Amino acid sequence: MKRIIIILFGIILLSFAAEAAHLEFMGIPINGTISSFQTKLLAKGATVGKHNKDLPSGIRSFDGVFAGKDCIIIVWYNQRTKHVYQVRAIVECISLEVAHNTFDYYKNLLNQKYSGVALTSDMLEEQSEPFDFYMMVIEPPIVVGAKLIGSISVNIIDYDTYPASYGVAITYEDFENSQKNEQNIIDDL
């Protein structure tokens, strides 16, 4: 009887752990307050962006290294609750060719990491020429009824400015916290 209770307790704990899954950016769950998220980013070597004070409330900027490349990191959070729901890393590129190579680099790395737990835009549509947008939707395991935990998109940005004319943006959105943010906004209406 004791063994059955322990097994049932373990199953209950595992189901709670599965429900609490959040998408991660640089190994940091996209969950919790901006203060907590910022502390974890700074511990990984990021620094507060020099133009951070010019950004509107609900957005913070950092400079750091993401997957081996210098980048700008932008974090979105709910102004009232301070909960983080989206993070973007932008790698600046000097030419469109470099941007496409960087785009392909990140797309391939993301496919390696999430191949068993993601549905991708490539699965929906075959592209015959280089495309500058790619998206994957992350699930714990891909099974019927699995809860989607977030999405990662990669796209090329045309700055039209020197020295970085282009950028590659990798955006991580945690679905649960994004929905909470949206509901918080709707509650104001």
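In helix α5, the residues Phe175, Asn177, Ser178, Asn181 and Asn184 are buried, where buried denotes under 20% relative accessible area, exposed over 50% and partly exposed the range in between, computed with a 1.4 Å probe on protein chains only. The model is a predicted one, in which local features need pLDDT of at least 70 and side-chain atom pairs count only at pLDDT 80 or more, while totals for chains, interfaces and linings use all residues. Residues are numbered from 1 along each chain as its sequence is written, and side-chain values use heavy atoms, with hydrogens and water left out.

Helices (H or I, at least four residues) and strands (E, at least two) are DSSP runs numbered from the N terminus.

The side chain of Glu176 meets that of Lys147 at 3.0 Å, N to O; because Glu176 lies in α5 and Lys147 in the loop between β8 and β9, the pair ties together parts 29 residues apart in sequence. A salt bridge also joins Glu176 and Lys180, at 3.2 Å, N to O, and these two residues, being four residues apart in α5, are separated by about one helical turn. Through shared partners, Lys147, Glu176 and Lys180 form one network. Glu176 is partly exposed at 22% relative accessible area, and Lys147 is partly exposed at 37%.

In helix α2 (residues 34–43), Ile34, Phe37, Gln38 and Leu41 are buried. These residues cover an arc of only 100° around the axis, which puts them on the same side of α2, the arc being that of the directions from the helix axis to the C-beta atoms. On the other side of α2, Thr39 and Ala43 are exposed. Among the elements covering the buried residues of α2 are β4 (59–66), β5 (69–77) and β6, and just after this helix Gly45 takes a positive phi of about 100°.

Conventions
Contact = heavy atoms within 4.5 Å. Salt bridge = Lys/Arg side-chain N within 4 Å of Asp/Glu carboxyl O.
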